[in-house]
Amino acid sequence: MAMMTATSLDPVLRLRDVKRVFDGVTALRNINWVVRPGQHWAILGPNGSGKTTLLRVASMWMHPTAGEVELLGCRSGHTDVRQLRTRIGFTSAALADQLRPQLRALEVVMTGKNAALEPWWHSYDHHDRRQAFQALQRVDCEHRAQHQFGVLSSGERQKVLLARALSTGPELILLDEPNAGLDLGGRELLLTTLSKLALDPSIPPLVLVTHHLEEIPVGFTHALLMCKGSILAQGRIDEVLTEKTLSECFRLPLKLQRIQGRWSIHARTL
């Protein structure tokens with residue numbers, strides 16, 4: 001199939017009236033969402049609100065039951081998704097579990113070139129190895145290049161997966177709960193790295209799924225709140241992340257704070 005090409009003025013991602021149903025249960029309904037160049041989005045919502053499903057549909061790893069997904073100028077059902085996925089950086093806890101623990105960190109990063117899970121599925125050359133090493137440098141993890149993925153700390157594994165997502169110069173980066181399972185130190189180190197990327201004008205749009213406001217890096221520009229498979233609110237981050245919308249989303253009276261660009265929230269004393 002012929003691939004459409006996107007220009008720098010086109011949306012990077014557009015979902016129109018998207019619906020996704022699993023065994024008669026509607027996981028996503030009436031999703032209309034656009035990600036444009038220069039934007040970095042945080043997707044938040046309670047467990048089961050549809051955040052991960054939204055990301056999987058947006059990345060074309062999952063087909064919508066109804067509606068249309070347009071990703072990097074390519075429409076769902078009208079493009080070779082295997083080729084399209086090589087233009088997207090993607091990380092998730094599920095991806096980390098799929099990778100063989102014996103792989104070296106550098107090998108893990110190289111597999112991003114072909115959106116693969118094993119380096120022996122494709123051929124790689126010196127240029128690929130150099131590019132992978134530079135991606136590890138970008139996330140301050142080059143000293144782990146020759147270490148086995150399985151012996152790295154949880155924080156280091158997430159940095160390696162982030163390097164994998166960055167290694168091929170993607171046009172969009174999707175991050176599904178990269179801080180899941182990290183301790184405080186690991187979380188803060190990863191957030192520092194993500195903040196540096198978000199403030200770098202050469203980085204493509206970032207989309208981050210998280211449960212926690214504290215895990216939104218400095219430099220993110222937009223937010224989308226999910227509730228029961230629908231979008232409760234979306235837009236500029238300052239306009240969406242308010243005590244009113246967050247309290248409605250999580251069904252609790254919440255107190256919101258923002259200090260030096262970082263968000264925090266807690267339940268109001270009853």
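**View 1. The buried residues of helix α5.** In α5 of this predicted model, the residues Asp-128, Ala-132, Ala-135 and Leu-136 are buried, where buried means under 20% relative accessible area with a 1.4 Å probe and protein chains only. They lie on the same side of α5, because they cover an arc of only 100° around the axis, the arc being that of the directions from the helix axis to the C-beta atoms. An α-helix has 3.6 residues a turn, so residues three or four places apart point the same way. The cover over the buried residues of α5 includes α4 and α6, contact meaning heavy atoms within 4.5 Å. Helices are DSSP runs (H or I, at least four residues) and strands are DSSP runs too (E, at least two), numbered from the N terminus.

Residues are numbered from 1 along each chain as its sequence is written, and side-chain values use heavy atoms, with hydrogens and water left out. Local features need pLDDT of at least 70 and side-chain atom pairs count only at pLDDT 80 or more, whereas totals for chains, interfaces and linings use all residues.

**View 2. The largest cavity, beside α4 and α5 residues that line it.** About 60 Å³ of space lies in this cavity, a cavity being a set of points on a 1 Å grid over the protein atoms alone where a 1.4 Å probe fits but cannot get out, with lining residues having an atom within 4 Å of a point. A volume is the space filled by probe spheres set on the points, which are joined across faces, edges and corners. The lining consists of Val-109, Met-110, Lys-113, Asp-128, Gln-131, Ala-132, Ser-167 and Thr-168, and α5 gives the most to it, with three residues.

**View 3. The second largest cavity.** This cavity has a volume of about 30 Å³ and is lined by Thr-91, Gln-158, Leu-162, Leu-175, Pro-178, Leu-190 and Leu-194. The elements that give two or more residues to its lining are α6 (154-166) and α7 (184-198).

**View 4. The largest pocket.** About 370 Å³ of space lies in the largest pocket, a pocket being an open set with protein on both sides within 12 Å along at least five of seven lines. Of the 20 residues that line the largest pocket, Trp-61, Phe-90, Leu-95, Gln-98 and Arg-164 are the closest to its centre. Among the elements, β6 gives the most to the lining of the largest pocket, with four residues.

Notes. Buried < 20%, exposed > 50% of the residue type's maximum accessible area, 1.4 Å probe, protein only.
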